[in-house]
Amino acid sequence: MIIVLRLGHRIPRDERITTHVALVSRAFGAEKMIYTGQKDSGMEESVKKISEEWGGNFIAEYSKNGLGIVKEMRRKGSKIIHLTMYGIDFNEKMEEIKKIEENSDILIVVGGAQVPIEFYKISDFNLSVTNQPHSEVAALAVLLNELNSKNKVFEGKKRITPSENKKIIITKN
């Protein structure tokens with residue numbers, strides 16, 4: 001199982017970014033996003049509606065203590081991946097990470113504002129998709145795409161039929 005931990009959500013500044021972290025997490029195969037910072041029931045409800053309409057059991061839930069989440073996941077045997085532009089190139093560790101995924105859960109930590117040093121120290125991997133300033137949403141999408149290279153199939157009320165030149169959305173009643 002893959003869980004994403006989004007650190008430091010701030011209302012109204014991060015509403016779209018945190019929602020996009022959740023949407024990317026869901027679409028690319030994570031089962032849950034936990035977020036810290038300010039509780040945002042509106043964002044949680046938006047993510048719930050997406051899962052209800054488009055399928056899947058993905059949820060977004062709030063925690064006051066991100067470091068506590070990391071410590072608990074570690075205690076349960078999960079591997080911790082912290083995405084940071086200061087980390088080493090994720091490509092150097094992908095084979096190792098894919099082997100881990102077969103045997104234990106993965107917690108992917110993505111930051112917001114300044115990430116406390118404790119997250120760097122407790123993580124099994126501090127990885128970067130590029131050592132340039134970039135979006136945590138983009139970094140998460142790149143990593144999850146590598147981990148889950150096949151399209152996830154969702155059974156929901158809505159489904160897109162791929163097309164090169166028009167939108168085709170199928171809606172079940």
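Which residue forms a salt bridge with Glu-72, the closest N and O atoms being 2.6 Å apart? The partner is Arg-75, and that pair is a handy way into this structure. Keep in mind that this is a predicted model, where local features need pLDDT of at least 70, side-chain atom pairs count only at pLDDT 80 or more, and totals for chains, interfaces and linings use all residues. Residues are numbered from 1 along each chain as its sequence is written, and side-chain values use heavy atoms, with hydrogens and water left out.

**Salt bridges**

- The structure holds 12 salt bridges, a salt bridge being a side-chain nitrogen of Lys or Arg within 4 Å of a carboxyl oxygen of Asp or Glu.
- Back to the opening pair: Glu-72 and Arg-75 sit three residues apart in helix α3 (residues 66-75), so about one helical turn separates them. Helices (H or I, at least four residues) and strands (E, at least two) are DSSP runs, numbered from the N terminus.
- Glu-72 also forms a salt bridge with Lys-76, and here the closest N and O atoms are 3.8 Å apart.
- Glu-72 is partly exposed, with a relative accessible area of 32%, while Arg-75 is exposed at 61% and Lys-76 is exposed at 59%. For these words, buried means under 20% relative accessible area, exposed over 50%, and partly exposed in between (1.4 Å probe, protein chains only).
- Lys-158 forms a salt bridge with Glu-53, with the closest N and O atoms 3.2 Å apart. Lys-158 lies in strand β7 (residues 158-160) and Glu-53 in helix α2 (residues 41-54), so the pair ties together parts that are 105 residues apart in sequence.

**Helices α1 and α6**

- Helix α1 (residues 15-27) and α6 pack at an angle of about 5°, with their axes 9 Å apart. That makes α1 roughly parallel to α6. Axes are lines fitted to C-alpha atoms, for helices over the stretch in contact, and angles run from 0 to 180 degrees between N-to-C directions; under 35 degrees counts as roughly parallel, over 145 as roughly antiparallel, 65 to 115 as roughly perpendicular and the rest as oblique.
- Ile-17, His-20, Val-21, Val-24 and Ser-25 in α1 meet Glu-136, Val-137, Leu-140, Ala-141 and Leu-144 in α6. Contact here means heavy atoms within 4.5 Å.
- Buried residues of α1 include Thr-18, Val-21 and Val-24, and what covers the buried residues of this helix includes β1, β2 (32-37), α2, β5 (106-110) and α6.
- In α6, the buried residues include Val-137, Leu-140 and Leu-144.
- At the start of α6, a side-chain oxygen of Ser-135 reaches to within 2.9 Å of the backbone nitrogen of Val-137.

- Most residues other than glycine have a negative phi, and most peptide bonds are trans.
- The peptide bond from Ile-11 to Pro-12 is cis, with omega near 0°. Pro-12 has its place in the loop between β1 (2-9) and α1.
- After α1 comes Gly-29, whose phi is positive, near 105°.

- Thr-36 lies in strand β2 and is buried, with a relative accessible area of 8%. Leaving aside neighbours within four places in sequence, Thr-36 is in contact with a list of residues including Leu-5, Leu-7, Tyr-62 and Asn-65.
- Ile-100 is found in helix α4 (residues 94-103) and counts as buried at 13% relative accessibility. Again leaving aside neighbours within four places in sequence, Ile-100 is in contact with Lys-79, Ile-106 and Phe-125.
- The C-alpha atoms of Ile-100 and Lys-79 are separated by 7.5 Å, and the two residues are 21 residues apart along the chain.

Conventions:
Polar contact = N/O pair within 3.5 Å; in protein donor to acceptor, adjacent residues only side chain to side chain.
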